[in-house]
Structure formats: structure tokens, C-alpha cells
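I opened the notebook to follow a few side-chain contacts through this model. The entries below keep to what I looked up, in the order in which I looked.

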Amino acid sequence: MSVTRGGSGAETGALPGSDAEIGYRGPTACAAAGITYRQLDYWARTGLVEPSVRPAHGSGSQRLYSFRDILVLKVVKRLLDLGISLQQIRAAVQHLRDRGTDDLAEVTLMSDGVSVYELTSPDEVVDLLAGGQGVFGIALGRVWEEVAGELAVLPAVRAEDGLIAGTERDELATRRAQRTG
């Protein structure tokens with residue numbers, strides 16, 4: 001599978017939660033992306049979507065996913081739902097990794113079932129459809145908004161201390177902190 005890039009797009013600014021120290025635990029990432037924990041674990045272990053804030057390092061450690069990681073998880077889920085093979089999805093995910101984050105919300109991914117095309121303008125979408133190549137598309141800006149909306153009501157975690165950011169700790173977390181510290 002190849003990924004073809006279209007135009008240049010526009011800058012969108014910082015990612016929500018782009019503080020390098022803020023991440024989201026596995027269950028939060030699953031809820032925001034609409035996937036199961038089993039899928040999340042498999043994709044992390046196979047390198048499809050690895051947590052960029054804090055990877056797992058041994059039994060009992062918790063992975064922390066960035067906003068961008070969760071955005072990619074949701075895109076992977078959508079591509080799977082459309083019947084795209086995991087091998088083809090890996091190529092698209094690698095392309096998104098290589099691309100960076102500067103104008104990701106301005107991108108539409110379209111596919112003909114063989115190739116994935118990155119389009120950044122309405123004209124490119126029309127040209128692709130007129131050529132009979134596009135079968136389906138995913139507007140990353142829309143996925144971006146969905147993930148941001150989901151994460152706005154879910155707990156974030158500070159990577160350095162494991163404390164939940166932006167929310168009060170629950171009773172269990174308080175007891176655990178008292179025992180260990």
C-alpha cells in the first residue's frame with residue numbers, strides 16, 4: 001500500500017493536551033478512540049500505535065498515550081471498520097507518524113482499497129473522486145474534534161508522578177498514595 005500526499009495545508013496550532021507531561025491511561029484512550037483494551041494492547045505490542053508519553057516497561061507499569069496517539073487510534077479503528085487490512089493500515093499510520101502534527105487537522109485520508117491518499121484541499125478531493133479512485137474518506141479534522149470532545153471529560157495523567165491532572169483523585173488513588181508515600 002502506498003500513501004500519496006496532496007497539497008501543503010494550513011497550520012492548526014498546538015494539539016489539545018500537547019504538554020509532553022500529560023497523557024491518558026489505556027482505559028481512557030480506549031474510551032476516546034472507541035476500541036477495546038485488547039485491541040489497544042495488541043496494537044501497542046505489535047508497534048502499530050505505541051504510547052508516546054510513557055511506554056510500558058515491565059509488569060504493572062501503565063502506558064500513557066498522547067492526544068495524537070489517540071487520534072491515530074481512532075483513525076485505525078475507522079479504517080478497520082471500513083474493511084482495510086492491518087497491513088495497509090500500518091502503511092497509513094507510518095505515513096501519519098512521518099508527517100508530523102503541524103497541519104494534521106486539515107488532512108483527509110481517502111482510499112481506493114489499495115492506496116491511501118492524503119488530501120489537504122477540497123479541490124484534491126474532487127480531483128480524486130473525478131478520477132474514480134476514491135472509495136471512502138476520513139476527514140482528520142472531524143476525528144480531531146471528536147477525540148478532543150471525548151478527552152475533555154476524561155481524566156489525564158501527569159507522566160512524572162502518575163497524578164491525575166485536571167481532576168481530583170478518587171478514593172482508591174488517595175489510599176494508594178498514602179500507603180506508598
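I began with Arg78, which at 27% relative accessibility counts as partly exposed (buried is under 20% relative accessible area, exposed over 50%, partly exposed in between, with a 1.4 Å probe and protein chains only). The model is predicted, so I noted that local features need pLDDT of at least 70 and side-chain atom pairs count only at pLDDT 80 or more, while totals for chains, interfaces and linings use all residues. Residues are numbered from 1 along each chain as its sequence is written, and side-chain values use heavy atoms, with hydrogens and water left out.

I then looked up the partner of Arg78 and found a salt bridge with Glu146, the closest N and O atoms being 2.4 Å apart (a salt bridge is a side-chain nitrogen of Lys or Arg within 4 Å of a carboxyl oxygen of Asp or Glu). Arg78 lies in helix 3 and Glu146 in helix 6, so this pair ties together parts that are 68 residues apart in sequence (helices are DSSP runs of H or I with at least four residues, strands are runs of E with at least two, and both are numbered from the N terminus).

Lys74 bridges to Glu146 with the closest N and O atoms 3.7 Å apart, and Lys74 is buried at a relative accessible area of 12%, whereas Glu146 is partly exposed at 23%. Arg142 also meets Glu146 in a salt bridge, at 3.9 Å from N to O; these two are four residues apart in helix 6, so about one helical turn separates them. Arg142 is exposed, with a relative accessible area of 52%.

Next I checked the rings and found one aromatic pair. Phe67 and Trp144 are edge-to-face, 5.3 Å centre to centre with 65 degrees between the planes (rings of Phe, Tyr and Trp, its six-membered ring, pair if their centres lie within 6.5 Å; planes under 30 degrees apart are stacked, over 60 edge-to-face and the rest tilted). Phe67 is in helix 3 and Trp144 in helix 6, 77 residues apart. Phe67 counts as buried at 1% relative accessibility, and Trp144 counts as buried at 10%.

Last, I looked at Val76, which touches Trp43, Leu48, Val49, Ile89 and Val93, not counting residues up to four places away in sequence (contact means heavy atoms within 4.5 Å).
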